[in-house]
Amino acid sequence: MCGIFGFVGEGGKVRDLVDALKKLEYRGYDSAGVAFWDEDAVRLFKIKGKVSDLETALGDILDLDIKGGIAHTRWATHGEPNDVNAHPHFDCERKIFVVHNGIIENHKELRKELEKRGHRFVSDTDTEVLAHLIEENYYGNILEALRRILPLLRGSYAVVAMHSDEVGILAAARKGSPLVIGKNENFCVVASDITPILKYTKEVIFLDEGETVSVGGTVDFVGLKDSVEKRIFHISWSERDAEKGGYKHFMLKEIMEEPEVLKNAMAGRMKGSKVEFEELKGWEDFLSNVEKVKMIACGTSHHAGMLFKYFIEDLIQIEVETDVASEMRYRKTKVDDETLFIAISQSGETADTLETVRKIKEKGGRVLSLCNVLGSTLTRESDRTIFLNAGPEISVASTKAYVAQVVVLLLLGVELARIKGKNIPAGFLDDLRDIHARFEEILENSNLIRDTAREFVKFRNFMYIGRWMGYPSALEGALKLKEISYTNATAYPAGELKHGPIALLDEDFPVFAIVPTDRMKEKMLNNIMEVKARKAKVVGVVTEGDDEVFRLLDHTLKIPKVHEYLYPLVMAPVLQLFAYFIADERGLDVDKPRNLAKSVTVE
Ligand code: M6R
């Protein structure tokens, strides 16, 4: 969604603002803008379209020496994407400039009152009220003015403001939308996520809920009432981690990183045949009494949670409930001492996931989160966090983070089984330990997946089917295909076909079957016969050497033989690459699919 960057310091150029916006592009946006001090005035450039369009419009100005400024990529919520609605927004005198992520829910009332008092609005956005409110409350100090208006606002915000008369000072505030601050010898920087900050420093500070900060010669944080001491976090990601590194797309690079991601996610947690989570120390009594687990997540993270349900119910026979967070947050979920809540989120900023976690916490529930982003809101609001250690995931389609989520959940299941005195099936841990090598084998043969994808590029409909642990994989495969290739891909538990969806199938509606050599293979074979009888072409993921399945399908994508609990894991890169190659063959913007954003920070 929207992205914010701002800097102050000596030796900066307008280009620094634009370069930072390029690092934020992955979040999804439709317009971009910058405002910066030039002598004692503020100059503003904003445009509908890409950051590269803004760059072209700026031309020689990119090399102008500046003492700082603010920059924004906007993902339209209030008001269509156009030049006027792009951020930064300004007050009547064009002295105050603001960029904002989030939604000001009471913007209509505020605007009405401001207009009555003579303020002239130029955009349709909720954000513009912030500039006019600051104008009314400005007595020579931008931070104080910003602090004065916060109690008037309903909704969520990360906001950064500047005044033409206060050269070299930015004021920022957050509620519900993240902001990160960094500082090196020459610059103070503020941004909505870590990626544009890595160029400046790896030591960062996260703004907490309700805090404000003035970023200038010094960085002064103010809590709701007083000055606050802040913890400094060290970021292990490098600037290069967040670059394409020679790959055509971030998505492809991130899939290719999966063997390494698996090793990092397991490092220090899998010791011989034992699993240990430092993060769970002191929770043994609670975990041994857990009778129910409830998963909180959205999208791909929700699919990882669904896999956990099948795994845990099989391994430990405790009940696991899964629901998308956008539904769960409005349900009356029971919270008690025997229930463990697990929130899964790559970004740690997904609004529905966070709001559900808050509701559970208000009722006294215990929340363990699985997250990829250090310092993100989820990690600060959960009781415990297990980091995924997948490195920055830039492509909107989640790939390597999903693989890390699944492997961490499998390890967590093993740990819960140990705590509850249950046995782990023979062979499972051995196969898990070497799983990165299986991924390497699959990725080395990615050209075979590309060839199969080319055969299916012409189809505009797809039905993914699977059973048991193959069902969440089917859902995830279909999600990948639809989000990046705009193919109508649905997913069903194969046993449901004859209750309705099979009516869709014919020679123009292919089926993608998840059919590894697991306990449900025979049932899947029956379902495949049913769809073949309707003349649907069937492509499937099958276990290497399983000739019975091989003979039945029109096209096969092979995965190595592993313990049946691990098929969803080794299947992931195959499903991801199949979707990737179809989208790439169609010449689509794989990393930034239309209408989507990397982290969904609004409801
Ligand atoms: O950051 P999160 O894991 O909380 O994000 C949840 C979903 O928005 C995300 O998985 C989304 O479905 C991806 N685009 C899927 O590829």
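Predicted model: local features only at pLDDT ≥ 70, side-chain atom pairs only at ≥ 80, totals over all residues.

Reader: At what angle does H2 run to E3?

Author: H2 runs at about 135° to E3.

Reader: How many strands form the open sheet, and in what order?

Author: Eight strands form the open sheet, and their order is E3-E2-E4-E1-E10-E9-E11-E14. The pairing is antiparallel.

Reader: Which are the edge strands?

Author: They are strand E3 (41–48) and strand E14 (233–234), each of which pairs on one side only.

Reader: And which strands does helix H1 touch?

Author: Helix H1, residues 14–24, packs on the sheet and touches strand E1 (3–13), strand E2 (31–38) and strand E4 (65–74). The direction of H1 makes about 150° with that of E1.

Reader: How many bridges join E9 to E11?

Author: Three bridges join strand E9, residues 180–183, to strand E11, residues 203–206, and the two run antiparallel. Gly182 has Val204 in E11 as its bridge partner.

Reader: A change of topic: how much space lies in the largest pocket?

Author: The largest pocket holds about 540 Å³ of space. Its lining consists of 28 residues, and Cys298, Gly299, Thr300, Lys598 and Val600 lie nearest the centre.

Reader: Which elements give two or more residues to that lining?

Author: Those elements are helix H9 (299–315), strand E19 (339–345), helix H11 (351–362) and helix H17 (470–485).

Reader: How do the lining residues divide into nonpolar, polar and charged?

Author: Twelve residues of the lining are nonpolar, twelve are polar and four are charged.

Note on methods:
Residues numbered from 1 in each chain as written. Heavy atoms only, no water. Pairing = 2+ DSSP bridges. Helix = DSSP H or I, 4+ residues; strand = E, 2+ residues; numbered from the N terminus. Contact = heavy atoms within 4.5 Å. Axes fitted to C-alpha atoms, helices over the stretch in contact; angles between N-to-C directions. 1 Å grid on protein atoms, 1.4 Å probe; cavity = no way out; pocket = protein on both sides within 12 Å on 5 of 7 lines; lining within 4 Å. Points joined across faces, edges and corners; volume = space filled by probe spheres on them. Nonpolar A, V, L, I, M, F, W, Y, C, P; charged D, E, K, R; others polar.
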